[in-house]
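Me: Hi! Could you walk me through this one with me?

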Amino acid sequence: MSRLQLKPFGTRGKVHEVTPASAGWRYVGFSLYRLRPGDVAQEPTGTNEVILVMVEGKAAFTAAGQDWGVLGDRMSVFDKTPPHSLYVPNGQEWRAVAETDCIIAVCAAPGRGNYPARRLGPEGIVLTTRGTGQNTRLINNIAMEAEDVCDSLLVTEVYTPAGNWSSYPSHRHDEDDFPRITYLEETYYHRLDPAQGFAFQRVYTDDGALDEVMAVRDGDVTLVPRGHHPCAAPYGFDLYYLNVMAGPRRNWRFVADPNVQWLMDRG
């Protein structure tokens, strides 16, 4: 299996944990909790800011010295309803108590203390269509560049209908040369519907030094340290993924693979 593809290491409690040290990069952290009613997840943020995304289910949260009540209302991520999320700055603590079976994603990147803790969505998050034809996908932007809510993190959800492509035309964001391109590390948390399905993700550089194709399964996490990173959903299986990006600046600028630039130019 590719070193860029991570399987869950458990079925209850924390089941994924990506750190800059484990990924071999500098900015992005990602972990995932699968909880049953009454289970508790809690962590200090340390030097990171975090966005806690209620992927599925409901949990009661306290964070940064405040009681945020119960967050979450979708029981299946494939309901496509806007997620409930919570931003917690660096130097704080958070705690979640599951009220139902639930999945909580912890998206992390360096924080500088410029933003207070706050709820993100579901208000203000609108499921948006992007692309055309077999490149059509649906987006829930949780904290992208237009949302001035945090220091480093960029977080979004993408739904790719069966038979379609996303993160395509192939593009990369692996150089710090704003405004032409920005350096952003990225993780993908993948889900499939039906769950026994699979999808494909390729991560490759223009020079071919990195070129890996992964058959991702429900619950896998993939890493994009550099290069282009398109995804494809086979006929019969819808694909969801949660993207986390971060780098030295909070801007998303990318460059297309020269071989598919004509698709970008065509719009």
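Me: Which residues touch the most other members in the largest nonpolar core?

Reply: Phe30, Ile51, Val53, Cys107, Ile142, Tyr189 and Leu242 do, out of 52 residues in that core. A nonpolar core here is a set of buried Ala, Val, Leu, Ile, Met, Phe, Trp, Tyr and Cys residues joined through side-chain atoms within 4.5 Å, where buried means under 20% relative accessible area (1.4 Å probe, protein chains only). This is a predicted model, where local features need pLDDT of at least 70 and side-chain atom pairs 80 or more, while totals for chains, interfaces and linings use all residues. Residues are numbered from 1 along each chain as its sequence is written, and side-chain values use heavy atoms, leaving out hydrogens and water.

Me: Which strand gives the most to this core?

Reply: Strand E24 (residues 238-246), with 6 residues; strands are DSSP runs of E, at least two residues, numbered from the N terminus.

Me: And what does phenylalanine 30 touch?

Reply: Leaving aside residues up to four places away in sequence, its contacts (heavy atoms within 4.5 Å) include His16, Val106, Cys107, Tyr189 and Leu242.

Me: New topic: how many disulfides does the structure hold?

Reply: It holds 0, a disulfide being a pair of cysteine sulfur atoms within 2.5 Å. The cysteine 107 sulfur has its closest cysteine sulfur in cysteine 150, 10 Å away, which is too far for a bond.

Me: Is cysteine 107 buried or exposed?

Reply: Cysteine 107 is buried, at 0% relative accessibility, and cysteine 150 is buried too, with a relative accessible area of 2%.

Key
Buried < 20%, exposed > 50% of the residue type's maximum accessible area, 1.4 Å probe, protein only. Helix = DSSP H or I, 4+ residues; strand = E, 2+ residues; numbered from the N terminus.
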